[in-house]
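Work through the exercises below with the sequence and the coordinates open side by side.

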Amino acid sequence: FLNGLQDASTENDFDFGDNNLITSDLYDNGLDTSGLLPLLWCHRVQDCIMWLIKEDLTWLRWTKYWKLTCEKHLDKAVLKKVRDPINIDEDYQRLHVLEAQWSMSDVNISYDLCSTYPQTLVFPACLDRDDLLAGATQRSRGRIPALVWLHPQSYAPLCRCSQPVVGLTNMPEHDKKVCIAIKNSSNSGLPIRIADARPRINAQANAMQGKGYENISFLGGPSVASLSFLDIDNIHVMRNSITKLRENSTGASTNNLSESTPTATSSMVGSDSIISSKWLYHVSNVLRGSISCAESLLIGHPVVIHCSDGWDRTAQLSALTQLLVDPYYRTIEGIVFVSYVYHFRTQSSTVLYGFFFGIVGFFLLINKEWCSFGHKFEDRLGDSTGKETSPVFLQFLDCVYQLCVQFPTDFAFSTQFLAIFS
């Protein structure tokens, strides 16, 4: 095979150097080890050959002609979607937020309001810049309630934020003004429902540290607002759960995770390792909280979701709620997926036009709820021994998987896609 690569490089004017040097590199990379098992030795040979193939300029030529083919035969509107990044502003326009009592604000264009929020945010039109800046000071990390979805008939809004900075005695007047404005933006006149993802005892512990949860009496009583604790545990509990699940699960149980039939999931529930890890219990709690938020929106209640800092459990609940109430986030459109090929010798990159289908609505939802609103992917998916790692996003995908299994005809993608995506 290496001789074939050498002949191919000569015919195509590619300079691979001395073939003996290539063979020598293979041995220098640890391949000439008599103590290795044959299968491991073959894997190392394969890896080394793949690196040599990636250095072949033929890949760049192939990419170039593939790009020209796509540009010639694909619709220009499709190519425009490829070149333009997924823009959450278009989702706000799809929801017709400007026709309701909401406005798109550039108060965070320089990230002065909140460094972990997107530049474009949607707030009640009655709030000015000073109201927003003052309200941000009374929410943890400046994550003020911001609109993410709007009911098309009742204009019941779904907002997300972080916990209020109230402590035990503080009365946040500016935050109250923001909450009342959200409540009054709906046509239904129903009270605002605040969904606190945490267990009550955790929220009370945070109140001892100067943060906490909303005071319903201060907001105006049950006719204005209500507060529910959804009892979803924090990232540390979830990390311990997935660790126990991985340690105790057998190979058969792991294989069942990738199957799309309800019987596979049912058989897992009976496993002692699954039960002891409490993983499905946590997934059930997240789904239960999302269903509660979705039902409130369909009734006409404005809904505000938050946890502690508003970028873990809040993202799960907000994304799943929108997945339940809005079919667009479960749809598929034909697009071209873009990735990049890196050429090691010239240190240049080339656009590669790859798969011809992408889940536009689902990707938009992830981009909005997870990327734009500041989920800490690097910390949560980083070093498995770190204190900040947690399977928050994986748990969200598991929740979507459970919905796909129960309602397969309501999704434009399958559980196999979720397995690849994860």
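This is a predicted model: local features need pLDDT of at least 70, side-chain atom pairs count only at pLDDT 80 or more; totals for chains, interfaces and linings use all residues.

Residues are numbered from 1 along each chain as its sequence is written, and side-chain values use heavy atoms, with hydrogens and water left out.

**Exercise 1. Describe the overall make-up of the protein.**

Begin with secondary structure: the protein has 20 helices and nine strands, where helices (H or I, at least four residues) and strands (E, at least two) are DSSP runs numbered from the N terminus. Finally, among contacts with a separation of 6 or more, 71% are between residues 24 or more positions apart, contact meaning heavy atoms within 4.5 Å.

**Exercise 2. Characterise the packing of helix 17 against helix 19.**

Two packed helices are described by the angle between their axes and the distance between the axes. Here the axes of helix 17 (residues 360–372) and helix 19 (residues 392–406) come within 13 Å and cross at roughly 145 degrees; axes are lines fitted to C-alpha atoms, for helices over the stretch in contact, and angles run from 0 to 180 degrees between N-to-C directions. Then identify the residues: helix 17 contributes Phe362, Ile366 and Trp370, and helix 19 contributes Val392, Phe393, Phe396, Leu397 and Val400. Sorted by type, the residues of this contact are eight nonpolar, no polar and no charged, with Ala, Val, Leu, Ile, Met, Phe, Trp, Tyr, Cys and Pro counted as nonpolar, Asp, Glu, Lys and Arg as charged, and the others, Gly among them, as polar.

**Exercise 3. Locate the centre of contacts in the largest nonpolar core.**

A nonpolar core is a set of buried Ala, Val, Leu, Ile, Met, Phe, Trp, Tyr and Cys residues joined through side-chain atoms within 4.5 Å. The largest such core has 84 residues, of which Trp102, Leu323, Phe362, Phe396, Val400 and Leu418 touch the most other members. Helix 19 supplies the largest share of this core, 10 residues.

Now follow Leu403, which is found in helix 19 and counts as buried at 7% relative accessibility. Beyond residues up to four places away in sequence, Leu403 touches Leu287, Leu320, Leu323, Leu324 and Phe411. Leu403 and Leu323 are 80 residues apart in sequence, yet their C-alpha atoms are 9.7 Å apart in space.

**Exercise 4. Which residues of helix 9 are buried, and what covers them?**

The buried residues of helix 9 (residues 200–207) are Ala203, Asn206 and Ala207. Seen down the helix axis, they fall within an arc of 105 degrees, so they line one face of helix 9; the arc is that of the directions from the helix axis to the C-beta atoms. Their cover includes strand 5 (192–196) and strand 6 (225–229).

Technical notes. Buried means under 20% relative accessible area, exposed over 50%, partly exposed in between (1.4 Å probe, protein chains only).
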